[in-house]
Amino acid sequence: MNTKAKIKAHLFLGNIQFKYEKWEEAQKQYLAAKSLAEAINIEIKELDENLAITLRRTKEEKLGITIFKNYQFSDDPEKLVEYSLFLLRSEEDLRNKAIELLGKAIKIGSSRANFILGDFYLNGYYLEKNTDRAMEFFTQGSKSNDDIEFQMRCLTKITKLHLENKEYDNAIESLIDLSNKGSDDASYSLAMIYKHGRYGINKDAEKYFDYITRVDNYMGYYELGSAFLEGKLIEKDIDAGIVLLEKCLNEPNYIEAGFLALKHAFNNQNEKEKLIGSLIWNSGLIDKISPKEFSMLSFVTDENEYIAIINGMEKKIKEGKMN
C-alpha cells in the first residue's frame, strides 16, 4: 500500500470514530495520517480540521500548538483562529499572542474571529468586559463575507444586545437581516412579532405570512398549519393545514400536531388514515394508545363523538396512562 493510500485509510477510520465522538481513537488515526502527509509534504484540509477538533476535545492543546505551529504565520484566517484557540486554552502567558492572532484574522476579514473577540468582551473571557467593544466586533463580523454561519451568529448577538437595551427598531433590523440570510429562528421571531404586535410594531397579517413561510422546520410547520386551520390571520385552508401538521409527526415533540390535524380531518378519510398511521408509527404512541383505539376513528359517524375520542387520547398522553 502506497503512502497516499495509507493516509486515506487512516483518515477513513478516524472519520468513523469522529462521527461517534470517540475522540481519542479518532485522534490516533488522524495523527498517523498527519505524520504520513507531512512525510510527503501534502496538506489535507479535512484531516487538519478534524484533528484540531479532537485535540481540543481531549484537552491536548500543547500538542496542537506543536503540530500546527506553522499556522501562526499563515494568511489563512481560519488557521490563525484555530492556532489562537490552542494558545488560549494552553497557558495564560500565551493569551496575548492568541488575541494578537485573532486581530490578524480580523484584518483579513474573518467573521469567526470577530465573533470570538466579541464574545470575550461581552462575557469578560480573557479580556475585561466591555459591551460596547463587543458590539463593535459583532457588527464588523456580521458584515464580513467569509463565513455565513458566523455572520449569523454575530447578528444574533447584536439582536440580543439591542433587545436588552430596548433598542427595538435596531433589533428588528437585525432580525430582518438574519431572516434574509436564511435564519429560521429570526424568521419565526419576526412572524411572532407581526402576529402579536410586539416591541411597538403593529400586527400585520401579510408580514406574518411572509416570515412564517420562510421557516423550514417543525416549529414553522406547526405554526403555519395551525394558522391555516384557524383561519383568522390568513385565509382558512383545511387541506394545507393538515399537510403541514402531518410534516411535524417525524418529531416526537410535536405529537399534538397530529391530534390537531385529526380533529379537522373528519370529512377526509384519506388524510385521516394517513394521520393515524403517522401518529402510531412515527411518534411512539403505540406504547400508550393501541392501533385498535386509533382504528375507532375511521368508523365514527358523529363529528362530536369523533373529537371527543381524540380529546380522550390526548388526555391519556398528557397523563402518561398506559394500556
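Me: Which ring does the charged end of R153 sit over?
Reply: This is a predicted model. In it, the charged end of R153 sits over the ring of F115. The distance to the ring centre is 5.8 Å.

Me: Where does the charged end of K247 sit?
Reply: Over the ring of Y221, 4.1 Å from the centre of that ring.

Me: Back to R153. With which residue does R153 form a salt bridge?
Reply: General idea first. Side chains of opposite charge can pair when their charged atoms come close. Here R153 pairs with E149. Their closest N and O atoms are 2.7 Å apart.

Me: How many residues apart are R153 and E149?
Reply: Four, about one turn of the helix. Both lie in helix α9. R153 is partly exposed, because its relative accessibility is 36%. E149 is partly exposed too, with a relative accessible area of 41%.

Me: Which residues do salt bridges with shared partners join into one network?
Reply: R56, E78, E82 and R112.

Me: How many salt bridges does the count come to?
Reply: The count comes to 13. One of them joins the side chains of E100 and K97, at 3.9 Å from N to O. These two residues sit three apart in helix α6 (residues 95–108), so about one helical turn separates them. K97 counts as partly exposed because its relative accessibility is 30%.

Me: Which residue does K157 bridge to?
Reply: K157 forms a salt bridge with D119, with 3.2 Å between the closest N and O atoms. K157 belongs to helix α9 (residues 148–164) and D119 to helix α7, so this pair ties together parts 38 residues apart in sequence.

Me: Is D119 buried or exposed?
Reply: Buried. The relative accessible area of D119 is 16%, and the cut-off for buried is under 20%.

Me: Now the rings. How many aromatic pairs does the count come to?
Reply: The count comes to 12 aromatic pairs. One of them is F68 with Y71, a tilted pair. The centres are 4.9 Å apart, and the planes make an angle of 45°. In general, a pair of aromatic rings is described by the distance of the centres and the angle of the planes.

Me: Why does F68 count as buried?
Reply: Because its relative accessibility is 2%. Y71 counts as buried as well, at 12%.

Me: Which residues form one aromatic cluster?
Reply: F18, W23 and Y30.

Me: Which residues form a nonpolar patch on the surface?
Reply: F12, L13, I16 and Y20. Together they have about 430 Å² of accessible area.

Me: Where does F12 lie?
Reply: In helix α1, which spans residues 3–19. F12 counts as exposed because its relative accessibility is 55%, and the cut-off for exposed is over 50%.

Me: What is the mean pLDDT of the protein?
Reply: The mean is 87. Of the residues, 94% reach 70 or more.

Me: Where in the protein is confidence lowest, and where is it highest?
Reply: Helix α17 (residues 291–295) has the lowest confidence, at a mean of 71. Helix α7 (residues 111–123) has the highest, at 95. Helix α7 also holds D119, the partner of K157.

Terms used: Residues numbered from 1 in each chain as written. Predicted model: local features only at pLDDT ≥ 70, side-chain atom pairs only at ≥ 80, totals over all residues. Heavy atoms only, no water. Phe/Tyr/Trp six-rings, centres within 6.5 Å; stacked < 30°, edge-to-face > 60°. Buried < 20%, exposed > 50% of the residue type's maximum accessible area, 1.4 Å probe, protein only. Lys NZ or Arg CZ within 6 Å of the ring centre and 35° of its normal. Patch = residues over 30% accessible without salt bridge, like charges linked within 9 Å, V, L, I, M, F, W, Y side chains within 5 Å. Areas by Shrake-Rupley, 256 points an atom, 1.4 Å probe, with all protein chains shown as cover. Salt bridge = Lys/Arg side-chain N within 4 Å of Asp/Glu carboxyl O. pLDDT = per-residue confidence, 0-100.
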